[in-house]
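I opened my notebook today to look through a structure one piece at a time. Come along and check each entry against the picture.

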Protein chains: 2
Amino acid sequence: MKPLRAIAYARRHSRRFVEGLKEFVRFPSVSNQPKHARDVRRCASWLAHHLQSIGLENVRILRTKGHPIVYAGWQHARGKPTLLIYGHYDVQPPEPLEEWKTPPFEPVVKGNNLHGRGACDDKGQLFAHVKAIESYLRTNKALPVNVKCIFEGEEETGGSESFEAFVKQHRRALQADAAVISDTRMLGPDRPALGYAQRGDVRFELEVFGPRRDLHSGNFGGSVHNPIQALCEIIAGLHDADGRVTIPGFYDKVREWDADEREYMRRTGPTDAEILRDANVPSSWGERDYTLYERVTIRPALTVNGIKGGYQGAGIKTVIPARALAKLSIRIVPDQTPHEILELLRGHIERVAPPTVGVKLRMLAGSYPALVNRNHPALKAAALAYEKGFGARPVFLRSGGSVPAASMFQKILGIPTVLMGFALPEDRIHAPNERFHLPNFFRGIETSIWYLAASSRLKKSRGQQMQQGLPT
Amino acid sequence: MKPLRAIAYARRHSRRFVEGLKEFVRFPSVSNQPKHARDVRRCASWLAHHLQSIGLENVRILRTKGHPIVYAGWQHARGKPTLLIYGHYDVQPPEPLEEWKTPPFEPVVKGNNLHGRGACDDKGQLFAHVKAIESYLRTNKALPVNVKCIFEGEEETGGSESFEAFVKQHRRALQADAAVISDTRMLGPDRPALGYAQRGDVRFELEVFGPRRDLHSGNFGGSVHNPIQALCEIIAGLHDADGRVTIPGFYDKVREWDADEREYMRRTGPTDAEILRDANVPSSWGERDYTLYERVTIRPALTVNGIKGGYQGAGIKTVIPARALAKLSIRIVPDQTPHEILELLRGHIERVAPPTVGVKLRMLAGSYPALVNRNHPALKAAALAYEKGFGARPVFLRSGGSVPAASMFQKILGIPTVLMGFALPEDRIHAPNERFHLPNFFRGIETSIWYLAASSRLKKSRGQQMQQGLPT
């Protein structure tokens, strides 16, 4: 196996690779908006054809209750370990549309960046692995390890729900020695980072019901509890003045870390100033006694992601609205579980909801936190690959976000996941004007090539079977 | 003058009158949505032609900085008093559209009701006076009093701002002995009510700014103050647990009423049970020590009319949004003034706004509360007219809403306003499926006919000049 030949190929074909990525980004594969269901399917179909065209085998578009999963494999590396490569081809909604400087689904290169929804999260990062595989197969006619690529279409809906059922159902077929996911951030263009921990989450809607129909606020203002106000009261009450969540029992299962781990985090992680600069806010907020890096990784957090109620157009309409709705998410950490947190939340809302309004709590999705030992060989192999690809040793980082697949691979398949992110803090993930730093795309491809090479030296896990593709 | 001939005419032509009202309602004259500016102008033009066609004189469409004002007069009743008839041809926005059972601007009669946005507020009520005038002019070729009809197009934007400038500019031309406005509610189909007091208001937007762009709530949740949360905290803090507004000094200028007035209110006004039934809510809310009728009339109230922030579509999008916005209004009572309340509010917001976010307060509109002595001859004439028109003595009621014109007539012209409402509590003013009870339309026309007759016996106010229309 000659990684250098693959690298040379990748460099020669970089412009074509960008054109391919643009085609991929052009699909508005917004998984949580029903109007885009067809676009999601078309995107899956395009991806499957593409995987076939680069020489992967056993390509399948697998139906689920939700959006399809695209599978492709290559398993002719006798006696070598197997790598599970995960990514998601679905994207976040582009709203608010008026804030995009170029249309979200008309990808365009400006300077060093490719702009478009999904360019970075996760199409661009997923594509780096695809192009690494292509570069190997075109130059060596083989890969140094066995691979199982599994690209899902429901990551951005929150819980990768269909994916979880799928992994459970096919746990034997998906067996591998390690998984790799590129869906996290580096610290900067020259500062690669390997994720070894991520938060889980619980996502839900909270709806408050007042009068059966909108009321004139002149005629009734002062006599009826306003559902927007009641919702604000409940939300305001979810944190105390110190930024701590007030739900009783909320912190009971939160693991406390010893001085060594916190010292390691202080040494390797971003500083408060760096996090504030990335967030572009003048001042921090949250639990005192924790650095900002700690607050977003080893501490849970409750966030209001959206709110609506009453009249929202131009001017004003003097109503007491019939209802108000908020969308919230709680990021959880070991050893909290989605189910326990939801139950605590439910009990809390029942206790604090005022009797003057109706309140409904709807669970949307949930995922477990995940954690990998920093000394695991799979992470060491990844560190080596990064050093070759980016010319810099990666730091080991915790992530504040949630990649549900990583916790599923840990829980269901019993394998570690390498979180090998190529995103930059300024890539505007989930926000208008999302972009992908193209030098990171190219270095990502080379890093993936080196990682495939390095993984061939991983010890095979016991009981691993060389299944040819998936039973469907 | 023969009111009975006019009454007979009105009864003969009732079906045609309803058809005319339907034409009027068909215009989507939504004054606070810029996209409907042309519809507002077309509606004004239709109304002017209609007033001309029934025999009113000096018909004008008067430009303002905002929407036009329609004027028409008839001033040949020598030596008789002059009545200023006010109404507004603009309507509230129809949103939320999905809750309408029939399209808001395709008026349709179902049973005893005409359904459509503006059917009741205020096109239908305004039209009752127009049809009364028509009935008189067609049968008597004259009116028993001089009239100046003035119909504006910015009442629903909040402050009738252009109208206020207009009244100030033309204070001499608009001089009259009393004004009548039909834009308030009765207690029930057989329970007419004359308004003698109304609340004023202050309408504003409160916007909270957080990060400069939406952030991923996984990466930053727990370290950055969420603008939705900060907005909820500010809003929740505007009331204490007893439903009282917490703005310091807020109640200082609120007039306390003596036991006699409160006893009168208890005898004549709606009971708590009636108000709850009208609101269609199971339980009340607000300042203890006050009946619900008192809470919505002699007590000020702060209401959140709308809120928005972050992601509002299907599913969830895990962002910390860049901003959140609420629309609020404060109903004020004598002797509060819009300006003083706004200043108290501004000071309060500055004090409570957390340093972790930016906060902006934008005034949208304001109006003064208004009050008329219940024993004023203009109200007695109106009571007599109601008794003839509805076969029942009206009660004298306070209104919780604001008709800015009434306070302007009091403040600028120095004349009392009769609030002669024909709306029913169940007419769904400002809400989806607004409707007008047609028996009230017909009785309203007859009441207006009797009121024109009774007003001819009012004493003319000193200094009143028989101006022929308006200088433009």
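Two residues are in contact if their C-beta atoms, placed from the backbone, lie within 7 Å. This is a predicted model, where local features need pLDDT of at least 70, side-chain atom pairs count only at pLDDT 80 or more, and totals for chains, interfaces and linings use all residues. Residues are numbered from 1 along each chain as its sequence is written, while chains are lettered from A and ligands numbered from 1 in the order in which they are written.

**Entry: domains**

I looked up how chain A is divided and found domain 1 (3–198 + 369–455) and domain 2 (200–254 + 300–366). Such bounds come from an automatic or database domain assignment. The centres of these two domains of chain A, taken over C-alpha atoms, are 35 Å apart. I found nine residues of domain 1 of chain A in contact with ten residues of domain 2 of chain A. On the domain 1 side, I noted two nonpolar, six polar and one charged residue. Here Ala, Val, Leu, Ile, Met, Phe, Trp, Tyr, Cys and Pro count as nonpolar, Asp, Glu, Lys and Arg as charged, and the others, Gly among them, as polar.

**Entry: where the chains meet**

Helices (H or I, at least four residues) and strands (E, at least two) are DSSP runs, numbered from the N terminus. Strand β11 (residues 301–310) of chain A pairs with β11(B) in the antiparallel sense over five bridges; two strands pair if DSSP finds at least two bridges between them. I picked out one partner: A:Gly306 is bridged to B:Gly310 in β11(B).

**Entry: symmetry**

I checked how chain B is placed on chain A: a rotation of 180° with 0.0 Å of shift along its axis superposes them (RMSD 0.1 Å). That is the relation of a two-fold axis. Why do the copies meet through the same surface? Because 100% of the interface residues of chain B are also interface residues in chain A.

**Entry: B:Glu154**

I found B:Glu154 in the loop between β6 (146–152) and α5 (161–169) of chain B. Is B:Glu154 buried or exposed? B:Glu154 is buried, with 26 other C-beta atoms within 10 Å. A residue is buried if 20 or more other C-beta atoms lie within 10 Å of its own, exposed if 12 or fewer, and partly exposed in between; C-beta atoms are placed from the backbone. Leaving aside neighbours within four places in sequence, its contacts include B:Ser31, B:His67 and B:Asp90.

**Entry: backbone details**

A cis peptide bond joins A:Glu95 and A:Pro96, with omega about 0°. I also noted B:Asn280, which has a positive phi of about 60° although it is not a glycine. B:Asn280 lies in the loop between α9 and α10 of chain B.

**Entry: confidence**

Chain A has a mean pLDDT of 93, pLDDT being the predictor's confidence in each residue, from 0 to 100. For the complex, the predictor gives an ipTM of 0.82 and a pTM of 0.82.

Terms used:
Least-squares fit on C-alpha atoms with pLDDT ≥ 70 in both.
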